[in-house]
Amino acid sequence: MTHPALRPGRTAVITGAASGIGLAAARHFAALGLNVVMADRSEAALQQAAAHLGAAAVHTEVVDVARPGDLVRLHEAAAARFGDVHVLMNNAAIGDNPGKPWNNTNGWRQLLEINLLGVIHGVQAFVPAMLAHDTPAVVVNTGSKQGITLPPGNSAYNVAKAGVKAFTELLAHELRQAAPGRVSAHLLIPGFTFTGMTGRAEKPAGAWTAEQVVEVMVAGLAKGDFYLFCQDHESTRAMDERRMAWAVGDLIHNRPALSRWHPDYAEAFAAFMKG
Ligand SMILES: NC(=O)c1ccc[n+]([C@@H]2O[C@H](COP(=O)([O-])OP(=O)(O)OC[C@H]3O[C@@H](n4cnc5c(N)ncnc54)[C@H](O)[C@@H]3O)[C@@H](O)[C@H]2O)c1
């Protein structure tokens, strides 16, 4: 069983489709018989990626998701080529680290414009038409576990992914009112996944493949799940659940922010993880 938006002849649009999870999704949707619109920053990378989709009906479009007008043009191109759009996957992101919270305003702006506003631009360009047509449609926004537990290291990336989580939860609620049961939003939460963002030539043992992430996404959509939550080979579902519970517990128990990484709480956190 697949989600009704993923039936043969429907149309999927994917940003960040030239690599990693977006490319794996494009291949999967093409194999299901969907028309696929692949959007990314470079024409050359898109052409190389599209070659992986064989004989499927594919359209490529160069976009920068930081630019709202590019997403409007992407919607127009998808509609002109294939008609109504049934699947929108707002997936493009960068993993650059602009640095400390008090540094590099331009780096922070660039990351937030791509990783957070890029998702919002996609929704604003595509969802009005999804609400207007009368067939099933889904929006999948790619978040990250980093947007939930906020592991220190790349503050800007975590802020963007926390924003994607909040935005997608609110979008799901609004769509439930606007088009109950027909148009829905979902948050894809990959774990550690071997992609272009990993920056390594070989798959680290702890990483999942992009195809594994897409399998979880498609299976979750079929069940109507909002949270499309992935594992990897480093953490189990039980470990992730405890980490998320500890993070919320900071507020409930009035611990310092991010106490998981605070030396005074190392023992308590380790004991909590052991259950
Ligand atoms: N790889 C992981 O471990 C991991 C974990 C959690 C979440 N994610 C998320 O998964 C999604 C896909 O990333 P990936 O891991 O497949 O990485 P990737 O680098 O392989 O793919 C990202 C794609 O997005 C494109 N892109 C970047 N900026 C763009 C822009 N401004 N406009 C259009 N396209 C742009 C890139 O060119 C690239 O093709 C991202 O949202 C990422 O944050 C990845």
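Here, Ala, Val, Leu, Ile, Met, Phe, Trp, Tyr, Cys and Pro count as nonpolar, Asp, Glu, Lys and Arg as charged, and the others, Gly among them, as polar. With that in hand, the residues of the shell around the ligand split into 13 nonpolar, twelve polar and three charged. Keep in mind that what you're looking at is a predicted model. The protein chain falls into two parts, domain 1 (4-234) and domain 2 (236-275).

**Around the ligand**
- In total, 28 residues surround the ligand.
- Gly 16, Gly 20, Ala 93, Thr 195 and Gly 196 are the closest of them.
- Helix α1 (residues 20-31) gives the shell its largest share, with three residues.

**The two domains**
- Where the domains touch, six residues of domain 1 are in contact with eight residues of domain 2.
- On the domain 1 side of that meeting point, you'll find three nonpolar, two polar and one charged residues.

**The chain as a whole**
- Ten helices and nine strands make up the secondary structure of the protein chain.
- The radius of gyration is 19 Å, close to the 19 Å that the globule rule gives for 275 residues, so the protein chain is as compact as a globular protein of that length.
- Along its principal axes, the C-alpha trace spans about 60 × 40 × 35 Å.
- As for burial, 42% of the 275 residues count as buried.
- Take the contacts between residues at least 6 apart in sequence: 65% of these join residues at least 24 apart.

Definitions and conventions
Residues numbered from 1 in each chain as written. Predicted model: local features only at pLDDT ≥ 70, side-chain atom pairs only at ≥ 80, totals over all residues. Near = placed C-beta within 6 Å. Helix = DSSP H or I, 4+ residues; strand = E, 2+ residues; numbered from the N terminus. Domains from an automatic or database assignment. Contact = placed C-beta atoms within 7 Å. Rg over C-alpha atoms; globule rule 2.2 N^0.38 Å. Buried ≥ 20, exposed ≤ 12 C-beta atoms within 10 Å, placed from the backbone.
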